[in-house]
Amino acid sequence: MTTLRLGFTMLALVAFAGHAAAFEISSPSVSDGKWDAKYLGDKAGCGGQSVSIALAWKDPPAGTRSYALTMFDTDANGGKGFWHWLAWNIPASAKGLREGAGAQGGKRMPKGAVSGKGGVGRAGYFGPCPPPGSGQHHYVFTLYALGEKTLRTPDNPSPEMVSVAAKSQALGEASVTYTYGR
């Protein structure tokens with residue numbers, strides 16, 4: 001009986017030792033359904049300023065050399081979705097992005113990071129701005145850990161091209177979804 005118990009204990013220790021921490025992304029700026037007005041879109045009567053939320057991440061996969069970030073509203077445009085934020089070549093040394101980092105043009109992003117054009121046709125963050133009465137929209141922030149310092153994309157890529165390139169080149173990905181409706 002002692003040998004059997006010791007065997008199960010060793011098996012449990014091996015299983016625990018082999019369990020790596022999960023790659024995670026979160027935001028201290030918002031909670032589900034609750035966004036400060038400054039984070040909301042600055043068009044279409046949303047009353048916001050499109051100040052990007054702060055993001056934090058931890059436990060990226062080994063070998064991560066850079067990150068790519070997307071923010072996508074899965075419910076917009078009759079379920080076709082809408083790209084709110086795209087950024088890539090974020091250095092591996094970054095553990096998050098501070099509030100306002102996604103300002104138009106990406107001037108507040110870490111050195112070397114690129115901001116792509118989302119659905120509003122400009123580079124940088126565009127906050128939630130669902131049509132009134134359209135219910136809760138789901139805003140998915142996805143962070144891709146990349147094994148290269150630069151994401152391989154064509155010049156002036158579409159949001160879909162950035163997403164596909166990031167997914168295909170990722171060592172791992174972490175996502176968090178926040179809702180908002182008006």
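**Questions about a predicted fold**

Reader: At 12% relative accessibility, does N89 count as buried or exposed?

Author: The model we are looking at is predicted, and N89 is found in its strand β4. A residue is called buried when its relative accessible area is under 20%. Because N89 has a relative accessibility of 12%, it counts as buried.

Reader: About how many degrees is the phi of N89, which is not a glycine?

Author: Most residues other than glycine have a negative phi. N89 is not a glycine, yet its phi is positive, at about 60 degrees.

Reader: And N77, does it count as buried or exposed?

Author: N77 also has a positive phi, of about 55 degrees, although it is not a glycine. It is found in helix α2, which covers residues 76-79. The cut-off for exposed is over 50%. With 51% relative accessibility, N77 therefore counts as exposed.

Reader: What is the order of the strands in the open sheet of five strands?

Author: Start with the edges: β6 (114-116) and β8 each pair on one side only. Neighbouring strands in this sheet are turned against each other by 15 degrees on average, ignoring direction. The pairing is antiparallel, and the order of the strands is β6-β4-β3-β7-β8.

Reader: Which residue in β7 is the bridge partner of T70?

Author: Strands of a sheet pair through backbone hydrogen bonds, either parallel or antiparallel. Here β3 and β7 pair in the antiparallel sense, over eight bridges. In β7, the bridge partner of T70 is T142.

Reader: Why do the buried residues of helix α3 lie on the same side?

Author: In α3 (residues 159-169), the buried residues are P159, V162, S163, A165, A166 and Q169. They are on the same side of α3 because, around the axis, they cover an arc of only 165 degrees.

Reader: Which exposed residues sit on the face of α3 turned away from its buried side?

Author: The buried residues of α3 pack against β3 (66-73), β4 (82-91), β7 (137-146) and β8 (170-180). The face of α3 turned away from that buried side carries the exposed residues V164 and S168.

Reader: Which residues touch the most other members of the largest nonpolar core?

Author: In soluble globular proteins, nonpolar side chains tend to be buried together. The largest nonpolar core here has 30 residues, and those touching the most other members are W35, W57, W85, I90 and F141. The elements giving two or more residues to this core are β2 (55-58), β3, β4, β7 and β8. So that you have the names last, here they are again: W35, W57, W85, I90 and F141.

Reader: How many residues are in the second, separate core?

Author: This core includes L151, V162, A165 and A166. Among these, V162, A165 and A166 are buried residues of helix α3. The number of residues in this second core is 11.

Reader: How many Å separate the C-alpha atoms of K117 and P159?

Author: K117 has its place in the loop between β6 and β7, and it is partly exposed, with a relative accessible area of 42%. Leaving out residues up to four places away in sequence, K117 touches L86, R122, A123, N156 and P159. K117 and P159 are 42 residues apart along the chain, and their C-alpha atoms are separated by 6.8 Å.

Methods
Residues are numbered from 1 along each chain as its sequence is written. This is a predicted model: local features need pLDDT of at least 70, side-chain atom pairs count only at pLDDT 80 or more; totals for chains, interfaces and linings use all residues. Side-chain values use heavy atoms; hydrogens and water are left out. Buried means under 20% relative accessible area, exposed over 50%, partly exposed in between (1.4 Å probe, protein chains only). Helices (H or I, at least four residues) and strands (E, at least two) are DSSP runs, numbered from the N terminus. The arc is that of the directions from the helix axis to the C-beta atoms. Contact means heavy atoms within 4.5 Å. Two strands pair if DSSP finds at least two bridges between them. Axes are lines fitted to C-alpha atoms, for helices over the stretch in contact, and angles run from 0 to 180 degrees between N-to-C directions. A nonpolar core is a set of buried Ala, Val, Leu, Ile, Met, Phe, Trp, Tyr and Cys residues joined through side-chain atoms within 4.5 Å.
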